[in-house]
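Open the structure in your viewer and keep the selection tool at hand.

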Amino acid sequence: MDAAEPSTNGISVSNLYRLASFLDDESYADLARGTLGAFESEVLQHPFLFASLLPGVVVKKLGMRIIIITGQGKDIDKALGRMRAEVAPTRTVLRLGRDARSEWLTKRNKLVANMNAEKPGVWVCEGGTCREESDADTQTKSASQLDETTSD
């Protein structure tokens, strides 16, 4: 149950879903779903007592999107700032490139392995596929608008 601080179970569920998307490893999502399932009847009866688990319920229903930012430059810095300014339980933002020290991630995530981390770009990935946003989209769309374009 949540009190003044979020419950460790709620934080764990969120972290497990993020790890699943980060590493493209469904076993972490299975653990998150199992944790949610353990509290299912209590959450249905008293959702206000389990506020930190509710974002996990949203991710379970809607899935997790990954926004991957590659390369460097002013436009990339602006895009990264917009992504960091908006919090969303259904989004993970990954930064690839020289300063991000992301070599380990390219070994663990197939989606990321084939990307050119030095080429400036913003990628939106969902359901095992990625698409690159155009320069105009990258400069004008907020993080939530990028999220909405993948739902079509």
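Helices here are DSSP runs of H or I with at least four residues, numbered from the N terminus. The model is a predicted one.

**Stop 1: a pair within one helix**

Select D30 and R33. These two residues form a salt bridge, with their closest N and O atoms 2.4 Å apart. Both sit in helix α2, and because they are three residues apart there, about one helical turn separates them. Now colour by accessibility. D30 is partly exposed, at 44% relative accessibility, and R33 is also partly exposed, at 29%.

**Stop 2: a pair across the chain**

Next, select R65 and E126. Their closest N and O atoms are 3.5 Å apart, and the two form a salt bridge. Is R65 buried or exposed? R65 has 11% relative accessibility, so it counts as buried, the cut-off being under 20%. E126, at 25%, is partly exposed.

**Stop 3: R131 and E133**

Move on to R131 and E133. Their side chains meet in a salt bridge, at 2.1 Å from N to O. E133 is buried, with 4% relative accessibility, whereas R131 is partly exposed, with 31%. How many salt bridges does the structure hold? There are five.

**Stop 4: the largest pocket**

Turn on the pocket display. The largest pocket has a volume of about 330 Å³. It is lined by 18 residues, and those closest to its centre are A20, S21, E26, M64 and G127. To see where the lining comes from, select α1 (8-23), α2 (26-38), α4 (54-62) and β3 (121-126); each of them supplies at least two residues. Coloured by class, the lining of this pocket shows eight nonpolar, four polar and six charged residues.

**Stop 5: the second largest pocket**

Finally, select L36, G37, E40, V43, L44, V57, K60 and K61, which line the second largest pocket. Its volume is about 230 Å³. Helices α2, α3 (40-45) and α4 each give at least two residues to this lining. By class, the second largest pocket is lined by four nonpolar, one polar and three charged residues.

Definitions and conventions:
Residues are numbered from 1 along each chain as its sequence is written. This is a predicted model: local features need pLDDT of at least 70, side-chain atom pairs count only at pLDDT 80 or more; totals for chains, interfaces and linings use all residues. Side-chain values use heavy atoms; hydrogens and water are left out. On a 1 Å grid over the protein atoms alone, a cavity is a set of points where a 1.4 Å probe fits but cannot get out, and a pocket is an open set with protein on both sides within 12 Å along at least five of seven lines; lining residues have an atom within 4 Å of a point. Grid points are joined across faces, edges and corners, and a volume is the space filled by probe spheres set on the points. Ala, Val, Leu, Ile, Met, Phe, Trp, Tyr, Cys and Pro count as nonpolar, Asp, Glu, Lys and Arg as charged, and the others, Gly among them, as polar. A salt bridge is a side-chain nitrogen of Lys or Arg within 4 Å of a carboxyl oxygen of Asp or Glu. Buried means under 20% relative accessible area, exposed over 50%, partly exposed in between (1.4 Å probe, protein chains only).
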